Amino acid sequence: MDQFLIINEGPIRLAAFAGLLTLFVLAEALWPRRDRTVSRAVRWTTNGLMTLLNTVALRILVPVLAVGAAAFAQSNSIGLLNMLDIAPWAAVLVAVVVLDAAIYAQHVIFHHVPILWRIHRVHHVDRDIDVTTALRFHPVEILLSMGIKIALVMALGAPPAAVILFEVVLNGMAMFNHANLRLPMGLERALRLVVVTPDMHRVHHSVRVSETNSNFGFSLSLWDRLFGTYKAQPEDGHTNMTIGLSEFQDDRPARLGFSLWLPFSKGP
């Protein structure tokens, strides 16, 4: 089974990505939460090109991705879970939960270490938040994140199946909770008891620093509640809140060149 998943990792992830992206784009069109500030065509072009650049950078500069690292660790009995007598299903469950906690911790660190924040703010300068914002990360951040993930996968001994499941869930949940999507309030309140919802994550994209530094989770909402970074609602409300960073409330973030150069530019 693991061998099948490893061989077919690309098609599996691509199918899940394409299907969920299409689903959330349609859902945003039918049930939008906020009016848009910037031209969708301009933003989507920039965010899409950044996604393409990230994919190429990973394939060229990182010879072994997380799933390959998991397969290597498994075949050589490297990592904690490969040293324990644990049922395969339990190893998958533990690995997925630990990886999700690690992504939360990494996100917090990227906000509070100045040099990492300069890179990560490329994600935050987007003045609208929708499904494509989930794909908008600087290539340097993507490469750093993959390096951290590979190290963790090796140390943990995460099974390849767990890594593939985690990647699919993480990508899908990121698109879901960045979506410009209005959920029924009862459903939204119930879902956020377990997972990060669009309303919960939108707070994280507020120009207010106290709100930007909250709601760091991508999949499970547990981590924000457990570590005191949970904020239920934005101070200005979801309709009136300002998205992005206060110093970049203009058309520049929608441009690809500006977004790629932002970590290296002078200023705040």
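This passage describes the packing of helix α6 against helix α8 and the aromatic rings around Tyr 104. The structure is a predicted model, in which local features need pLDDT of at least 70 and side-chain atom pairs count only at pLDDT 80 or more, while totals for chains, interfaces and linings use all residues. Residues are numbered from 1 along each chain as its sequence is written, and side-chain values use heavy atoms, with hydrogens and water left out.

The axes of helix α6 (residues 88-112) and helix α8 (residues 139-156) come within 11 Å and cross at roughly 140°, where helices are DSSP runs of H or I with at least four residues, numbered from the N terminus, and axes are lines fitted to C-alpha atoms over the stretch in contact, with angles from 0 to 180 degrees between N-to-C directions. The two helices are therefore oblique to each other, a class left over once angles under 35 degrees (roughly parallel), over 145 (roughly antiparallel) and 65 to 115 (roughly perpendicular) are set aside. On the α6 side, the contact (heavy atoms within 4.5 Å) includes Ala 95, Val 98 and Phe 110, and on the α8 side it includes Leu 144, Ile 148 and Leu 156.

Tyr 104 and Phe 216 form an edge-to-face aromatic pair, 6.3 Å centre to centre with 85° between the planes, where rings of Phe, Tyr and Trp (its six-membered ring) pair if their centres lie within 6.5 Å, and planes under 30 degrees apart count as stacked, over 60 as edge-to-face and the rest as tilted. Tyr 104 lies in helix α6 and Phe 216 in the loop between α12 (209-212) and α13 (222-226), 112 residues apart. Tyr 104 and Phe 227 form a stacked pair, 5.8 Å centre to centre with 20° between the planes.
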